[in-house]
Amino acid sequence: MGEAPTDPRRRVPRTDVVLADPRLAAATEAEGRAAVKAAVVQALSRVRSGELEPDDVVGAALAALPGGLRPVLNATGVVLHTNLGRAALSPAARDAVVAAAGHTDVELDLVTGRRAKRGRTALAALHRAVPAAGDVHVVNNGAAALVLAATALAAGGEHGSERPNGWERGGEQRLGGREIIVSRGEMVEIGDGFRLPDLLESTGARLREVGTTNRTTVRDYEQAIGPETAFLLKVHPSNFVVRGFTSSASIRDLAALPVPLVADIGSGLLRPDPLLPDEPDADTTLTDGADLVIASGDKLLGGPQAGLLLGSAPLVERLRRHPLARALRVDKLTLAALQATLAGPSTPTWDALRLDPAVLRDRTEHAHKLLAEAGVPADLVESAAVVGGGGAPEVTLPSWSLSLPSAYASPLRAAATPVVGRVERGRLLLDLRCVPPSADATVVDMVLSVAPRVG
Ligand SMILES: *Cc1c(COP(=O)(O)O)cnc(C)c1O
């Protein structure tokens, strides 16, 4: 009995032919030949059962591979894309991570041979970058910094707010309460369902909401202050704006009140930036009188995921000494990347934010020309990029993009080097702003590689 010519089994590619596909080469290098072969064999069995088209074997095998974060090209036009890991590290920071991957002097003084303060060079670099801070500390992320502050200053317990040698301000012993006073307009959700109020209350601290959604005055805070107050918390509404009949109390006004002031500025801007006039920065916030500033390392600072705590020396010391600090401490790789980020040169985040639109236009035009010559139905269009990552929601950056049929989106994500764009009004936009210029050619190659399948 002969097989019918349309029998899918006749079209099952050979394993060694699939394994030779260049799209699997990078995966083989990263994950080993055995893992890739197993994924291919499994995909081929799905072709035999008629479940998968032979053309989709490579894509299915790649998708089924167990692990490893895959590098992608961020053509979304969102500079800090949470799903793509926010900030891309600078070449210097990447080198530092590699160098720190072995044994390092992270907690050893090589001169004396004695134990030294963990991550002292990174902390010193952070301190130099924010002179207004009395001391600095780094934890796992911004959320961890908030949890540490809330636990150590407001949660109570032996190591918490009931410590007798607590915070003194204006001659008055105020700390020892368990309430965090926060404006109703600043009870924010930071993304993926995580809400700051829930995070803070999970520590055992109590939140005392003051004011209204659109307006909160200094007086609202002042009236809420009592023996139970641990600190005032000012949260920067980093991913939304409230417009119209609004008012909020300034850091300066709140700093005049007789309790500690903690400011969660979110984005990790260390100094003022004229490009982002509405983003608070750590140095100004401290100069204006905040006692503690909390920020993320992988937003506008452009460094590794980290939570920065900057503020008065006794307060920071108290956080550092809290038992929870050990559970939130950062890895040597983070410290290495942070130090290198602070030492400069500029980060990919900074470069993407400041990219000259004329330069971007030239790069996009060149890519467009190559695609048009190959018959790909791409247009060159003006577009708008954004900061993303819960920062500067009002700022749009004039940009240029390649516009393709939206059918390109999914195959490009599955390409040998995945290219992630954004779909807007039925078109896939590829914005090269956050693509390293050296990878422009890869974007073109990937589009060309999927074009025959998109048609
Ligand atoms: C991003 C953000 C956080 C959380 O920081 P992570 O580093 O993501 O944990 C907290 N507060 C504000 C205001 C933020 O913008």
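The points below go through the predicted model, from the chain as a whole to single residues.

1. Overall make-up. The protein chain has 455 residues, and 48% of them count as buried. Its secondary structure consists of 18 helices and 18 strands. Taken along the principal axes, the C-alpha atoms fill a box of roughly 95 × 55 × 45 Å.

2. Surface and contact range. Among contacts with a separation of 6 or more, 71% are between residues 24 or more positions apart.

3. Nonpolar cores. The largest nonpolar core contains 36 residues, and Val138, Tyr221, Leu232, Val293, Leu308 and Leu310 have the most contacts inside it.

4. Surroundings of leucine 308. With neighbours within four places in sequence left aside, leucine 308 is in contact with a run from Val293 through Ile294, Ala295 and Ser296 to Gly297, among others. Its other partners include Leu126, His137, Val138 and Ala145, and also Leu270, Leu301 and Leu338. Val138 and Val293, two of these partners, are listed with leucine 308 among the residues with the most contacts inside the largest core.

5. Packing of α5 on α14. Two packed helices are described by the angle between their axes and the distance between the axes. For helix α5 (residues 91-100) and helix α14 (residues 332-343), the axes come within 8 Å and cross at roughly 150°. The crossing of α5 and α14 is right-handed. On the α5 side the contact is made by Ala92, Ala93, Ala96, Val97 and Ala100, and on the α14 side by Lys332, Leu333, Ala336, Ala337, Ala340 and Thr341. Sorted by class, the contact of α5 with α14 has nine nonpolar residues, one polar and one charged.

6. Helix α4. Val57, Val58, Ala60, Ala61 and Leu62 are buried in helix α4 (residues 57-64). The cover over the buried residues of α4 includes α1 (15-19), α2 (25-31) and α3 (33-48).

7. Alanine 75. This residue is in the loop between β1 (73-74) and β2. Its relative accessible area is 0%, so alanine 75 is buried. Not counting residues up to four places away in sequence, alanine 75 touches Val419, Val420, Gly421 and Arg422, together with Leu429, Leu430, Asp431 and Val435. Alanine 75 and serine 401 are 326 residues apart in sequence, with 8.8 Å between their C-alpha atoms.

8. The loop between β11 and α11. Both glycine 268 and leucine 276 are placed in this loop. Glycine 268 counts as buried because its relative accessibility is 1%; leucine 276 counts as buried because its value is 2%. Beyond residues up to four places away in sequence, glycine 268 touches Ala295, Ser296 and Leu301. Under that exclusion, leucine 276 touches Leu300, Leu353, Val387, Ala392 and Val395. The C-alpha atoms of glycine 268 and alanine 306 are separated by 9.8 Å, the two residues being 38 apart along the chain. For leucine 276 and glycine 391, the sequence separation is 115 residues and the C-alpha to C-alpha distance is 9.4 Å.

9. Backbone geometry to check. Most residues other than glycine have a negative phi, and most peptide bonds are trans. Glycine 344 and proline 345 are joined by a cis peptide bond, with omega about 5°. Proline 345 is found in the loop between α14 and α15 (348-354).

10. Positive phi at two arginines. Arginine 86 has a positive phi, near 50°, and arginine 425 has a positive phi near 45°. Arginine 86 lies in the loop between β2 (78-80) and α5, whereas arginine 425 lies in the loop between β17 (422-424) and β18 (427-431). Arginine 86 counts as partly exposed because its relative accessibility is 26%. Arginine 425 has a relative accessible area of 81%, and is therefore exposed.

Conventions: Residues are numbered from 1 along each chain as its sequence is written. This is a predicted model: local features need pLDDT of at least 70, side-chain atom pairs count only at pLDDT 80 or more; totals for chains, interfaces and linings use all residues. Side-chain values use heavy atoms; hydrogens and water are left out. Axes are lines fitted to C-alpha atoms, for helices over the stretch in contact, and angles run from 0 to 180 degrees between N-to-C directions. Helices (H or I, at least four residues) and strands (E, at least two) are DSSP runs, numbered from the N terminus. A crossing is left-handed if the near helix is turned anticlockwise from the far one by less than a right angle, and right-handed if clockwise. Contact means heavy atoms within 4.5 Å. Ala, Val, Leu, Ile, Met, Phe, Trp, Tyr, Cys and Pro count as nonpolar, Asp, Glu, Lys and Arg as charged, and the others, Gly among them, as polar. Buried means under 20% relative accessible area, exposed over 50%, partly exposed in between (1.4 Å probe, protein chains only). A nonpolar core is a set of buried Ala, Val, Leu, Ile, Met, Phe, Trp, Tyr and Cys residues joined through side-chain atoms within 4.5 Å.
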